[in-house]
Amino acid sequence: DSQGACGADPEERFLVAWPCDPGDCHIYFAQQRKALPTAVHAARASNRTLVLPPYTWYEGQARLLTNAFKQTAEGSRPLFLPFGDVHDLATLRAGRGAHGGPQAIDLRDLVRSPVGGVGRLRLDLVVLSKGLPEHHARDGREDPRLAPGVLSRYPCLTREGLAANLSRGGSGELWGLESVSVEVGELACGYAMLARAWAEARRDLDAYGHRLESEVFHGRRVVALLGAGHKPHALATAPEAARAAAEVAFHPAVEAEARRFVDEVLRRLGPAGRFLAVHWRHGDFVQYGHATPAEAVAARAAAVRAERCEGCPVFLATNCEAADDLALLDAALGSVVRYEPPPGRPELSSPGMRLAVEQAVAARADVFVANG
């Protein structure tokens with residue numbers, strides 16, 4: 001396993017990569033996961049071991065508009081789900097080589113290693129990118145204030161998130177670790193222009209890696225690149241990295257629980273063991289005005305079931321907690337099935353783990369219906 005090997009080579013360097021500020025990360029799991037190809041690509045280019053921090057989530061997330069939610073007690077208290085509890089990192093490491101992924105470890109492995117300090121986290125350099133100037137982000141025009149390098153620096157503000165957390169002598173809360181366990185040598189803030197750097201490197205992996213090392217990482221052993229892979233300017237990947245990221249499987253425990261639920265519940269309800277899965281985004285989407293109403297979800301699922309999976313039970317993955325809407329779906333589709341962790345399995349009860357299991361269950365459906 002990676003734990004025993006982490007840091008054994010004194011020449012090994014590490015890249016902690018994540019798409020958002022760990023102290024102010026309100027993008028959802030899907031967006032956090034979609035940034036993985038950029039992280040894989042940067043690690044491959046710089047020949048660094050990729051260190052994957054935990055997913056960030058919030059109690060009650062996605063029921064209010066994001067800016068309003070940030071002002072609530074729940075919206076200012078991030079919670080964390082280790083990446084290695086959700087995914088099988090061996091499936092990323094298995095593709096190592098010219099067409100595969102980099103060496104990859106969970107953040108906990110780094111903390112436990114001599115590199116982390118055995119029980120603490122030492123980051124030699126943290127690079128924090130939180131977007132682009134407002135007018136650039138709005139209309140997509142090149143901003144003349146942006147430097148031509150990979151990182152266009154700006155002063156590190158201390159109002160929120162990581163910069164605020166680390167404003168007291170370079171230590172603070174980070175990914176749920178205790179403040180005494182975290183040490184940051186240098187915090188650099190700026191616009192990480194990864195897309196431009198990759199294009200200017202003529203999509204040559206070695207040239208891109210050289211620019212990252214010389215202009216951003218500066219040869220530091222443990223570097224965190226935060227804000228990579230979410231905004232368009234911070235997206236940079238290649239087919240090999242995208243393929244390696246796409247092949248990362250769920251953790252065997254997640255897969256086993258999904259298989260159990262499908263076999264013991266869903267397969268026993270439908271004809272020939274078949275079932276239909278429906279994903280329904282609710283909550284903040286209602287307020288944005290582009291949610292699919294419950295009536296439309298029920299009508300679409302019923303139509304697809306009649307055409308492609310007649311008589312099949314419906315598995316519903318949703319963040320909806322509106323009793324009336326859920327009752328409407330039940331009445332229209334006949335006892336919609338939702339996932340509930342079995343008794344005695346508290347490790348599956350958090351919203352994050354439930355989400356992972358629901359995704360693994362939906363991936364096994366004979367027919368999948370998306371509704372936003």
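1. A polar contact is a pair of N or O atoms within 3.5 Å, where, within protein, one atom must be able to donate a hydrogen and the other to accept it, and where residues adjacent in sequence count only if both atoms are side-chain atoms. At the start of H11, a side-chain oxygen of Asp-204 comes to within 3.3 Å of the backbone nitrogen of Asp-206. Helices (H or I, at least four residues) and strands (E, at least two) are DSSP runs, and they are numbered from the N terminus.

2. On the basis of the note: this is a predicted model, in which local features need pLDDT of at least 70 and side-chain atom pairs count only at pLDDT 80 or more, while totals for chains, interfaces and linings use all residues. Residues are numbered from 1 along each chain as its sequence is written, and side-chain values use heavy atoms, with hydrogens and water left out.

3. Which residues of H11 are buried? Buried means under 20% relative accessible area, exposed means over 50%, and partly exposed is in between (1.4 Å probe, protein chains only). In H11, the buried residues are Tyr-208, Gly-209, Arg-211, Leu-212, Glu-213, Val-216 and Phe-217. These buried residues pack against strand E1 (14-18), helix H3 (36-46), strand E8 (125-128), E9, helix H10 (194-200) and E12, where contact means heavy atoms within 4.5 Å. After H11 comes His-218, which has a positive phi, near 55°.

4. The whole structure holds 8 aromatic pairs; by the rule used, rings of Phe, Tyr and Trp (its six-membered ring) pair if their centres lie within 6.5 Å, and planes under 30 degrees apart count as stacked, over 60 as edge-to-face and the rest as tilted. Trp-18 and Tyr-55 form an edge-to-face pair, at 5.7 Å centre to centre with 75° between the planes. This pair links distant parts of the chain, with Trp-18 in strand E1 and Tyr-55 in strand E3 (residues 55-57), 37 residues apart. Both Trp-18 and Tyr-55 are buried.

5. For Trp-198 and Tyr-208, the ring centres are 5.3 Å apart and the planes stand at 65°, so this pair is edge-to-face. The pair again links distant parts of the chain, since Trp-198 is in helix H10 and Tyr-208 in helix H11, 10 residues apart. Trp-198 counts as buried at 5% relative accessibility, and Tyr-208 counts as buried at 0%. Ring pairs also link Trp-18, Phe-29, Tyr-55 and Phe-83 into a cluster.

6. Turning to charged side chains, a salt bridge is a side-chain nitrogen of Lys or Arg within 4 Å of a carboxyl oxygen of Asp or Glu, and by this rule the count comes to 19 salt bridges. Side chains of opposite charge can pair when their charged atoms come close. The side chains of Arg-153 and Glu-186 meet in a salt bridge with an N to O distance of 3.9 Å. Arg-153 lies in strand E9 (residues 151-153) and Glu-186 in the loop between strand E10 (182-184) and strand E11 (187-192), so this pair ties together parts that are 33 residues apart in sequence.

7. Glu-186 also forms a salt bridge with Arg-220, at 3.0 Å from N to O. Arg-220 lies in the loop between helix H11 (205-217) and strand E12 (222-226), and Glu-186 in the loop between E10 and E11, so the pair ties together parts that are 34 residues apart in sequence. Glu-186 is partly exposed, with a relative accessible area of 25%, and Arg-220 counts as partly exposed at 30% relative accessibility.

8. How far apart are the closest N and O atoms of Arg-345 and Glu-347? In this salt bridge they are 2.4 Å apart. Arg-345 counts as partly exposed at 28% relative accessibility, and Glu-347 is partly exposed with a relative accessible area of 43%. Salt bridges link Glu-257, Arg-260, Glu-264, Arg-345 and Glu-347 in a network.

9. Some backbone angles deserve a look. Most residues other than glycine have a negative phi, and most peptide bonds are trans. Arg-202, although not a glycine, has a positive phi of about 55°; Arg-202 lies in the loop between H10 and H11 and counts as exposed at 75% relative accessibility. Ala-272, also not a glycine, has a positive phi of about 55°; Ala-272 is found in the loop between helix H13 (252-266) and strand E14 (276-280) and counts as exposed at 80% relative accessibility.
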